[in-house]
Amino acid sequence: MNSYLIPQIVYVGDRAVLAVPLEQLPEGASLFSGELPALPDLRIHRIELERRGDGGRLIIEFTAYAPGPLELPPLEIGGIAFTGLRFEIASILGSGENAAVLSGPALPLAIPGTGFLISGAVTGIILILLIFFWALFRGPRSAERWLKKWRRRRLVLSLAGMERRLRKELFRGALKAPGMEKRVSFLAGEFRTFLTLFTGKNCRAMTAGELSGLRPLAGLPEGSPLAGDFLGPFFRRCDDLRFSGAEISADHFLGILEDLKLFVEALRAGVPGSAVPESGGKP
């Protein structure tokens with residue numbers, strides 16, 4: 001007998017219908033009155049004859065639990081015997097054109113804030129790489145410039161501290177005329193050491209005339225406290241007080257301190273700008 005399935009492809013576990021077209025239907029009962037067939041891999045829900053204008057059809061509603069070909073046992077309804085009813089059950093895991101394809105596993109749900117955490121981590125890594133490359137190519141030079149400025153500021157603060165300390169000793173009366181010569185020698189020696197470290201030139205071995213040839217330490221015009229024409233007369237005056245043999249008075253020493261203070265204030269002002277300026281060489 002010609003039969004067909006509804007739907008055409010039946011998978012394991014689907015509820016389906018096997019329809020058998022009939023040209024003539026018997027009179028009387030249209031439902032299967034006997035006990036429904038019981039098979040290990042097949043459950044039959046109902047069997048009946050469906051009447052239509054062109055005849056009718058046999059309806060067998062079932063659910064199969066095993067893939068492959070299945071054959072129903074002989075049935076009799078309304079005096080008509082039905083034998084050889086076969087159909088094919090497809091497997092969802094089978095192969096071929098009729099095999100269904102399982103979709104991939106669903107993606108895991110992201111924890112709230114995961115996107116922000118990932119973007120923040122990527123941004124942080126990029127910043128670290130930028131800082132690394134900057135430190136690799138520009139860092140040493142920048143660090144060297146900063147260290148040089150820091151050292152010069154420390155030198156200026158040290159010179160200013162010496163000037164204030166000597167001024168306090170003078171005002172307290174701790175400096176007497178017999179000891180003034182040593183203090184002038186100490187001041188001149190410390191000032192020469194400062195200029196040596198600040199300019200990179202050996203100012204300890206320079207005479208007052210050679211110090212007059214120094215260019216302005218901050219690029220200022222001649223005659224400023226940071227220029228050589230200030231430093232030369234300053235050290236010449238110190239030498240005159242030390243080697244003249246005359247007694248050095250407090251006023252003489254205070255005058256030297258005032259000149260040194262003028263130099264320190266000009267240097268700390270950072271003209272032009274706030275940073276300690278570069279020094280120049282001989283003209």
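**Aromatic contacts and sheet architecture in a predicted model**

The charged end of Arg 192 sits over the ring of Phe 235, 4.7 Å from the ring centre. This placement requires NZ of Lys or CZ of Arg within 6 Å of the ring centre and within 35 degrees of the ring normal. Arg 183 provides another case: its charged end lies over the ring of Phe 186, at 5.8 Å from the centre.

The model is predicted; local features need pLDDT of at least 70, side-chain atom pairs count only at pLDDT 80 or more, and totals for chains, interfaces and linings use all residues. Residues are numbered from 1 along each chain as its sequence is written, and side-chain values use heavy atoms, with hydrogens and water left out.

Confidence is expressed as pLDDT, the predictor's confidence in each residue on a scale from 0 to 100. The mean for the protein is 76, and 77% of the residues reach 70 or more. Over residues 219–223, pLDDT stays under 50; the model gives this stretch eight contacts (heavy atoms within 4.5 Å) beyond four places in sequence. Residues 271–283 also have pLDDT below 50, with 37 contacts beyond near neighbours in sequence. Where pLDDT is low, predicted coordinates should not be read in detail.

The protein has six helices and nine strands. These are DSSP runs numbered from the N terminus: helices are H or I with at least four residues, strands E with at least two. Of the 283 residues, 34% count as buried. Buried means under 20% relative accessible area, exposed over 50%, and partly exposed in between (1.4 Å probe, protein chains only). Among contacts with a separation of 6 or more, 60% come from residues 24 or more positions apart.

Rings of Phe, Tyr and Trp (its six-membered ring) pair if their centres lie within 6.5 Å; planes under 30 degrees apart are stacked, over 60 edge-to-face, and the rest tilted. Both Phe 194 and Phe 263 are buried. Ring pairs connect Phe 191, Phe 194, Phe 234, Phe 235 and Phe 263 into a cluster.

Five strands form an open antiparallel sheet in the order 1-2-5-4-3. Its edges are strand 1 (4–6) and strand 3 (38–39), each pairing on one side only. Pairing requires at least two DSSP bridges between two strands. Strand 2 (residues 15–22) and strand 5 (residues 55–64) run antiparallel and share eight bridges. Arg 15 has Thr 63 of strand 5 as its bridge partner. In the loop between strand 1 and strand 2 lies Pro 7. The peptide bond from Ile 6 to Pro 7 is cis, with omega near 0°. Most peptide bonds are trans.

Arg 43 lies in strand 4 (residues 42–52) and counts as exposed because its relative accessibility is 51%. Beyond four places in sequence, Arg 43 touches Glu 61, Phe 62, Thr 63 and Tyr 65. Arg 43 and Arg 15 are 28 residues apart in sequence and 9.5 Å apart in space, C-alpha to C-alpha. Arg 167 lies in helix 2 (residues 139–171). Arg 167 counts as buried because its relative accessibility is 13%.
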